[in-house]
Amino acid sequence: MKQILLITDGCSNVGASPILAAAHALQEGITVNVAGVVDYGTIGELGGLEIAEIAKAGGGISRIVGTRQLAQTMQMMTRKTVVQTIQQAVNKELKEILGHDSLEELPPSQRSKVVTVVDELTETTPLQVALLIDASASMKPKLAAVEDAIRDLMLSLQARMGTSELAVFHYPSRGSSEDAVLDLNWTSDLSSLRSLFQRIQMKGATPTGPAILKVIDFFRYGTLDGHQSWRQNAEEGEGMLGDYVV
Amino acid sequence: MTTSSNPAYPAGTIITGKWRKSRFVIRRVLGQGANGIVYLVQKAGYRGLYALKMGYDTLDLQSEINVLTSLQSQRKSQDLLKENVKSPFLLEVDDFKDRNKDIPFYVMRYIEGSALHLFIRKRGSEWIGLTGLRLLEKLRGLHQMGFVFGDLKPENVLVSEYGRVELIDYGGVSTIGRSVKQFTEWYDRGYWNAGSRTGDEAYDLFAFAILMIQLLDEQALKEAAKQQLPQTRNTAELLSLIQRKTSLKPYSSWLRKAVLGEFANSQQALMMWKEQIYAPAIVGKLPGKTPRWLKSAFAFSIVILCFAVCLAFFL
Ligand SMILES: Nc1ncnc2c1ncn2[C@@H]1O[C@H](COP(=O)(O)OP(=O)(O)OP(=O)(O)O)[C@@H](O)[C@H]1O
């Protein structure tokens, strides 16, 4: 299962539409969640709207929070999205096996069995989360909190039974050659998360759309600028239910 | 999915189960949390009171119900051995057909009491030893059935009159060895960089230790928590607190072990807690000196004794 978690504090202003980019991600089987971080004032009507739209297009969840609640919110979004994705796959099977559309329609005794399966898969399905950090100038005072939240997320993911990996990107890059910079390649090692953003130089522009497209490429090819090392990730969660519910 | 801003149903509303057709009359709201609203209800036609939890999310609530069912069936087989069948915690699971949608709910035993921290605030910290013991017994019970409680905090511990303890909110319960589903900052071992978020007995014991420190000296715990940056936060501050504060002294060796994750299991932790609270150091310090009436009664009996001795001497 693949997710992008975008952390930003405002509107994109350069390049391709981030909403279209998120729709592309979903098409590739990658869910996009968005955390809007604001400590003082609001994120602005436009920014708030864009954040919600990106998540909708990417099949994920969006939340606007202060840095204090960021860690908790990121975990909630990640977990909820995992459950949601599994539930969608399971619902599809429910329809095939039992002719029911959703969990809600099942009598409680059968519901219990289905939820046991969903819980099991939530815990064991392999998971990759790419964190995409908006490093435009206004985000600077929030980066320390972002880094803590990432560590905290890693700690929670490590506790899962299924393998869980994080990768971290920020955008824009210093030069104009890249739309997103890889800070940390796929890892499940907490200690590798130390002082992630020390060398980041903040810039004003916010090319959210192009950055998302870059990360989709990374999921595809395992690199930001080539077509090597294709990562095979079998579709998890499907075909499992039949064994449990009949 | 509904949100927590949904208004609660007023008193008098009748909740009829879609599947089993039982009817419950709402008396009032007992509480509201992240996963649902809990009402005090009366089963129509009966006198008994129950707590009814309506969930915001069918899947989350069912997950909680699964834990309760599994606990119940294990408990039943244990209790049958001891021939001591208690009234069950989980009574009924059903859906309520509201105007526009079905709302899942379950009915459980109503626990009359107050949250642990409120109970201690009201009755005094000398109750900590006993309520702590009973809470540890609850945790040990869960652990022996293969579960960890996870989200242990004072709000999830209800204490009834005379210190009987019940855990509520099983939404955070997970199987031992699985990731902890729900936790709260202070009580979370991960928050203190003191270990993983994989559910094991030590996870609950850590949370229990923080909970006890909070009850004994909340101010000190607050300071320890905010003293450090998240990435450097560690248990050193907690350990020094346990060493330093006189309020924590009676429990210090137990707390230290729990914070360091040194208990082999909760059974061992329970035994040591018992030893600790019944050690002379604490019992001797139990408040209330010898009551005046006892002293005068004692003096009086001495007088009588002397009198009797004298009498015996003269006779
Ligand atoms: N069996 C019960 N008897 C009496 N009161 C109860 C009972 N169960 C729950 N309550 C009350 O309802 C409140 C909310 O219940 P609960 O904690 O189960 O909800 P929740 O949505 O899971 O909360 P949280 O946000 O803590 O996870 C409790 O704090 C308590 O006051």
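Reader: How many residues of domain 1 of chain B are in contact with domain 2 of chain B?
Author: 14 residues of domain 1 are in contact with 12 residues of domain 2 in chain B. Contact means heavy atoms within 4.5 Å.

Reader: Where are these domains in chain B?
Author: Domain 1 covers 14-109 and domain 2 covers 114-287, with bounds from an automatic or database domain assignment. Their C-alpha centres lie 28 Å apart.

Reader: What kind of model is this, and how is it numbered?
Author: This is a predicted model, in which local features need pLDDT of at least 70 and side-chain atom pairs count only at pLDDT 80 or more, while totals for chains, interfaces and linings use all residues. Residues are numbered from 1 along each chain as its sequence is written, chains are lettered from A and ligands numbered from 1 in the order in which they are written, and side-chain values use heavy atoms, with hydrogens and water left out.

Reader: OK, the ligand. Which residues come nearest?
Author: Of the 20 residues around the ligand, Ala34(B), Asn35(B), Lys53(B), Arg109(B) and Asp169(B) come nearest. A residue counts as near if one of its heavy atoms lies within 4 Å.

Reader: Which domains does that shell draw on?
Author: Domain 1 and domain 2 of chain B each give at least three residues to the shell. Strands S2 (23-32), S3, S4 and S6 (102-109) of chain B each supply at least two, and the largest share, 3 residues, comes from S2(B). Strands here are DSSP runs (E, at least two residues), as are helices (H or I, at least four), numbered from the N terminus.

Reader: Which backbone atoms sit by the ligand's oxygen atoms?
Author: A polar backbone atom of Asn35(B) is 2.7 Å from a ligand oxygen, and a backbone N or O atom of Gly36(B) lies 3.1 Å from an oxygen atom of the ligand. A nitrogen atom of the ligand is 3.0 Å from a polar backbone atom of Ile111(B). Taken alone the ligand exposes 620 Å², and the protein buries 86% of that. Such areas come from the Shrake-Rupley method with a 1.4 Å probe; for residues, only the protein chains shown count as cover.

Reader: Back to Asp169(B). Where is it found?
Author: Asp169(B) is in the loop between strand S10 (164-167) and strand S11 (174-175) of chain B. Asp169(B) has a positive phi of about 65° although it is not a glycine. Most residues other than glycine have a negative phi.

Reader: Switching to chain A: what is its secondary structure?
Author: Chain A has 7 helices and 6 strands. Of its 246 residues, 54% count as buried.

Reader: Which peptide bond is cis?
Author: The peptide bond from Tyr171(A) to Pro172(A) is cis, with omega near -5°. Pro172(A) sits in the loop between strand S5 (164-171) and strand S6 (181-187) of chain A. Most peptide bonds are trans.

How values were computed: Buried means under 20% relative accessible area, exposed over 50%, partly exposed in between (1.4 Å probe, protein chains only). A polar contact is a pair of N or O atoms within 3.5 Å; within protein, one must be able to donate a hydrogen and the other to accept it, and residues adjacent in sequence count only if both atoms are side-chain atoms.
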